[in-house]
Each structure stands twice: as structure tokens, then as C-alpha cells.
Amino acid sequence: MRAAMERITDYKVIVIGSGPAGCTAAIYLSRANLAPLVLEGLQPGGQLTITTDVENYPGFPDGILGPKLMDLMRQQAERFGAVFKMEQVESVQLIGHPFTITTDSHIYECESLIVAAGASAMQIGLPSEKALQGFGVSYCATCDGFFFKNKEIVVVGGGDSAMEEATFLTKFASKVTVVHRREELRASKIMQDRARGNPKIQFILNSTVDEVIGTKEGGITSLKLRNLKSNDVTDFATQGLFVAIGHTPNTQVYAGQLELDERGYICLRHPHSTATNIQGVFACGDAVDHVYRQAVTAAGTGCMAALDCEKWLTHERITERWDLPVGEEDRD
Ligand SMILES: Cc1cc2nc3c(=O)[nH]c(=O)nc-3n(C[C@H](O)[C@H](O)[C@H](O)COP(=O)(O)OP(=O)(O)OC[C@H]3O[C@@H](n4cnc5c(N)ncnc54)[C@H](O)[C@@H]3O)c2cc1C
């Protein structure tokens with residue numbers, strides 16, 4: 001049995017997650033003198049810490065390493081008074097105030113909460129895949145397609161996202177091979193037709209990736225593909241691997257309290273707002289967004305959540321700006 005945990009009431013606002021959304025929210029909250037606590041979870045800095053060069057985040061014309069970018073965002077938030085703790089949230093109690101947030105080591109009470117817990121790209125689960133993340137293995141065509149100009153690459157997956165990524169990647173790659181473990185693709189007909197009609201795309205069906213061959217210095221050189229019908233394993237020469245088998249939002253601990261959609265993404269009450277179904281709880285970043293999934297969009301909605309939260313606390317807990325008495329709205 002676990003010893004009774006310390007109950008901490010020092011923080012008016014807690015941010016869950018320290019990716020671009022959480023860090024940006026923390027920068028804005030701390031500059032509004034709210035000194036938030038940021039609970040960083042198991043992946044401090046979020047998804048960008050598992051990539052190398054980030055070339056599309058504005059302000060860095062020569063690109064910047066993902067972990068470095070996240071370190072700078074964190075420093076910027078700390079400079080104004082945000083407190084970061086490497087604790088994983090295990091449960092939340094959001095019915096009635098104050099909210100209670102229980103981590104692996106403490107119980108926190110707070111008046112307002114920003115959920116910026118992100119999402120996790122699903123992985124094939126191979127040690128060689130993990131070792132070469134950012135060195136030829138990618139989970140984001142928009143982010144990394146540019147690095148594969150005139151190269152031959154493989155996309156793993158059979159759904160709409162895989163077809164979309166494969167089609168997008170033909171702008172850069174000389175050849176794209178879609179590898180899918182079943183005979184039939186799961187993608188909608190229109191997405192399949194578009195991919196099948198693209199002369200740069202070919203398909204290898206009934207097959208899985210068994211191993212990624214390459215080095216951090218030289219990148220990927222080939223994949224070991226297993227044909228699931230014959231069980232034969234062959235070497236398939238390629239220079240890149242895009243895994244497009246889906247994302248899981250990190251929202252399990254809010255189920256039953258925050259409204260989630262059928263895929264587990266947090267539902268927001270209105271467009272142009274980060275308010276959730278619970279007064280005082282705001283959500284941002286990839287935990288609410290299965291469409292854009294970019295660092296800059298996560299940072300943008302992190303900013304929105306901080307502004308919404310600050311306004312909610314200031315205006316005696318009126319969630320929506322359009323709920324304010326006429327004349328008090330000064331943001332539009
Ligand atoms: C390999 C890779 C490369 C990418 N490259 C680019 C790129 O070049 N450009 C670009 O714009 N985008 C890129 N992306 C996408 C980008 O990383 C995401 O869109 C962005 O990180 C989302 O930010 P976020 O803050 O919403 O969530 P995340 O970055 O996912 O951060 C989530 C945070 O929540 C924390 N957390 C989760 N659950 C809990 C919990 N229970 N308790 C406490 N904390 C918790 C995690 O520890 C983490 O700190 C890439 C993604 C990947 C996977």
C-alpha cells in the first residue's frame with residue numbers, strides 16, 4: 001500500500017503536459033503572474049524530443065533540433081515563474097472545485113486546469129525502429145517529407161492517413177512503397193483511388209516490417225519485410241520509413257469527466273475557444289487536434305488556452321467570452 005501523499009494547494013493553475021502546447025500555455029500564464037505548475041509526464045518536452053531537425057517552426061531559419069527547441073520553450077516559461085515537475089498524472093477529479101490532480105507522488109488542488117497531454121504516434125514496436133527515429137524513421141510526412149527529396153521510401157499503413165502521407169510524399173520522393181499487413185486497404189475508396197492512380201506509388205500487401213536496417217550516421221538502407229502468407233523474409237532497399245498507423249491521444253485519465261470523441265480526442269465547447277465541457281478546464285494541442293498535429297498549431301492553441309484560462313479566473317469564472325456582459329469583451 002502507498003503511504004498517504006502530500007496534498008499541495010500552492011498552484012491556482014496546473015498545466016498537464018510540457019510539449020509545445022503546455023510550454024506555450026505556461027509562458028502566457030506565467031507572464032500573467034499566475035505562476036503555473038507544469039506536470040511534465042513521462043516525456044518532458046513532448047513528441048519533438050524524439051526527432052532531430054525541425055525545419056518548419058517559425059523563427060529558426062536554419063532549423064533547430066527538436067529537443068533544443070523544447071528546452072528553449074521550457075526555459076522561457078521558467079524565466080517568468082512557471083514551475084516544472086517531472087510527474088505523471090494518474091487520475092483527476094474535475095467534478096466540483098477545487099479540482100484534484102493525483103500524480104505518481106503528490107495530490108494537487110487547483111482552481112483551473114489546462115490539459116496539454118498531446119498524443120502518441122503509434123509505433124510498429126521494433127527496437128531497430130526506435131533506434132533510428134529521426135534518422136530515417138518518421139511518423140510525420142508534413143514534418144519530414146522535405147528531407148527525402150529524390151529518395152525511395154516506404155510508408156507503413158493501410159488507412160486514410162497512410163494514403164494521404166504516401167500521396168503527399170510523392171512530391172519529394174522518387175518512389176513510395178506502401179506496405180500493409182492485409183490483402184485489403186482500410187482507406188476510403190477515394191483515398192485508395194488517388195494513391196493507386198499515382199505512378200510513383202506501389203503497394204506491397206500481406207506484409208509487415210520485421211527490422212529496419214541502417215545506422216544513425218548513414219540513415220536507413222533497407223527493411224526486412226515478412227510476407228505473412230508465405231512467411232518469407234526479404235531485404236527491401238529503401239532510404240526512409242514513414243509509419244502511418246495512427247495516433248492515440250493521451251486522454252485516458254479524463255474519460256467519464258471530460259467529453260471525448262470516439263477516438264479519444266477532447267471535445268471543445270466552441271470553435272475559437274479551448275473551453276471543455278467542464279468549467280475551468282481548458283484543452284489544447286494534439287490532445288484535441290487530429291487534423292493539423294504540428295508544433296506551431298499546438299503552441300497556438302496553448303496560447304489560446306492560457307488566455308481563456310486567465311480570462312476565466314479574472315472574470316469570476318465565466319467561461320466563454322461571449323457570455324460576458326456587452327462592453328466587457330475587449331479581445332475581438
Ligand atoms: C517524430 C516526430 C517528429 C515531428 N516533427 C515535427 C516537425 O518537424 N514540425 C512540427 O511542427 N511538428 C512535428 N511533429 C509533431 C509535433 O511534435 C506535435 O504536433 C506536437 O509536439 C504536439 O504538441 P503537444 O504539446 O500538443 O503534445 P506533445 O508534444 O505530445 O506533448 C505531450 C506532453 O504531455 C505529457 N503527458 C501526457 N500524458 C501525461 C500525463 N498523464 N501526466 C503528465 N503529463 C502527461 C507528455 O509527457 C508530454 O510532455 C513531430 C512529431 C513526431 C512524433
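1. Buried here means under 20% relative accessible area. Glu-40 falls in that class, because its relative accessible area is 7%. The model is predicted.

2. Glu-40 forms a salt bridge with Arg-74, with the closest N and O atoms 2.9 Å apart. This pair links distant parts of the chain, 34 residues apart: Glu-40 sits in the loop between strand E3 (37–39) and strand E4 (53–54), and Arg-74 in helix H2 (residues 66–79). Arg-74 is partly exposed, at 24% relative accessibility.

3. An open sheet has four strands in the order E1-E9-E8-E7, and its pairing is mixed. Strand E1 (7–8) and strand E7 (89–93) are the edges, each pairing on one side only.

4. E1 and strand E9 (residues 107–110) run parallel, joined by two bridges. Ile-8 has Tyr-108 in E9 as its bridge partner. Strand E8 (residues 99–103) and E9 run antiparallel, with four bridges. Phe-99 stands opposite Cys-110 in E9. A hairpin of three residues connects E8 to E9.

5. A side-chain contact also joins E1 and E9. Glu-109 forms a salt bridge with Arg-7, the closest N and O atoms being 2.8 Å apart. Glu-109 lies in strand E9 and Arg-7 in strand E1, so the pair ties together parts 102 residues apart in sequence. Arg-7 is partly exposed, at 48% relative accessibility.

6. Asp-193 forms a salt bridge with Lys-189, the closest N and O atoms being 2.7 Å apart. Both lie in helix H6 (residues 189–196), four residues apart, about one turn of the helix. Asp-193 is partly exposed at 39%, whereas Lys-189 is exposed at 60%.

Terms used:
Residues numbered from 1 in each chain as written. Predicted model: local features only at pLDDT ≥ 70, side-chain atom pairs only at ≥ 80, totals over all residues. Heavy atoms only, no water. Pairing = 2+ DSSP bridges. Salt bridge = Lys/Arg side-chain N within 4 Å of Asp/Glu carboxyl O. Buried < 20%, exposed > 50% of the residue type's maximum accessible area, 1.4 Å probe, protein only.
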